[in-house]
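Please read it alongside the sequence and the coordinates.

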Amino acid sequence: MHHRHRAAVSRFLGLLGLVVVSTAMALPAAQAGERTKAPAKKHHASSSASKRAVPARKVAAHTKAVRVTAKTAKAPTRVAFVPAPQSFGQLAGLHEVSDPLDLKSSVALVIDQDTKEVLLSKNDHAVLPIASLTKLMTGLLISQAKLPMEEPITITQDDVDTEKGSRSRLTVGTTLTRGELLHLALMSSENRAAHALGRTYPGGLETFVGLMNNKARQLGMADTRYVEPTGLSSRNQSSARDLATLVNVAHGDPLLRELSTSPSYEVAVGARTLQYNNTNGLVKNPTWDIGLQKTGYISEAGRCLVMQAQVAGRKLIMVFLDSAGKFSRLGDAERVRHWVESKASLGAPLHARANTNG
């Protein structure tokens, strides 16, 4: 009996030691878990370690989501809204003038090329920047000078646009013929091409710009002034009346008619072939019969377009300046064409003048 009692006591003490050792081994891990989950302790003090870990992860995820949301909320404040600069026509209030066709261009003029009858006019004496419509005069001088069209011309750093910072696929060092550069300048409004044509004109760029202004005076374009051959400068300015005169003269040049209405053109630059398209989508439209055209755009000028086209059996010269909207100048041309066609079908007289009282 005595021996059985001692054996039972011994087993009890051994079991007690095992419990103490197990508790001591678990204590550091438990304390570590307490430190990790301290924020959740007040909510689930009696929960198991695995259950307490869930709120901890949720809190961490919630905190991260708040940080992401904060960054997203700050993003718009770093990009300030910059309104588009107003054109000269907008600043002058020309868009407040209404017209019967509700044109989007603040300046418009439509003339019968044969009779010189004015069919439509809107602010046609306003003098505004003309952007790349400038290249029509550039092309006229190059064509009339009878310079060799096969002569190679190399694009230099002087031809790079420092006025507006516009891009070009004609990198410095590119060599094309004068004829290729003229084609790109008239058809796709290539600025470096137009500048290189003026720069390499006999006598240089200054001489060429002087000839541009002399030609304008010879044609009676009293409202017109050029300072460079591309149209990137807002100081190249003219009126719709003057531009109609220029279109009429330029239309008499077969080369300008051909190049300005070409739908597309490819040039070889080293091992590459560059594809260029006409800036005026109407030349690909089978419902139009366009004999000459030129587009233009800088922010000061708005969207511009001049054309010679046959509509309802009449040869018309159309001028649209300072149009608001990327495609609105083409839309204005369509509005005029439909108006002329509808009047012709009714045998009605054609005449539309803007309401200068707004």
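In which handedness of crossing does H6 pass H7? The crossing is left-handed, that is, the near helix is turned anticlockwise from the far one by less than a right angle (clockwise would be right-handed). The model is predicted, so local features need pLDDT of at least 70 and side-chain atom pairs count only at pLDDT 80 or more, while totals for chains, interfaces and linings use all residues. Residues are numbered from 1 along each chain as its sequence is written, and side-chain values use heavy atoms, without hydrogens or water.

**Helices H6 and H7**
- Helix H6 spans residues 178-187 and helix H7 residues 191-199; helices are DSSP runs of H or I with at least four residues, strands (E) of at least two, numbered from the N terminus.
- Their axes come within 8 Å and cross at roughly 130° (lines fitted to C-alpha atoms over the stretch in contact, with angles from 0 to 180 degrees between N-to-C directions).
- In contact (heavy atoms within 4.5 Å) are Arg178, Leu181, Leu182, Leu184 and Ala185 of H6 with Ala193, Ala194, Ala196 and Leu197 of H7.

**Helices H5 and H9**
- The axes of H5 (residues 134-144) and H9 (residues 240-251) come within 10 Å and cross at roughly 35°.
- H5 passes H9 in a left-handed crossing.
- Leu136, Met137 and Leu140 of H5 meet Leu246, Val247, Val249 and Ala250 of H9.

**Strands E7 and E8**
- E7 (residues 264-269) and E8 (residues 272-277) run antiparallel and are joined by six bridges; pairing requires at least two bridges found by DSSP.
- Ala268 stands opposite Thr273 in E8.
- Two residues lie between the strands of this hairpin, where Gly270 has a positive phi near 65°.
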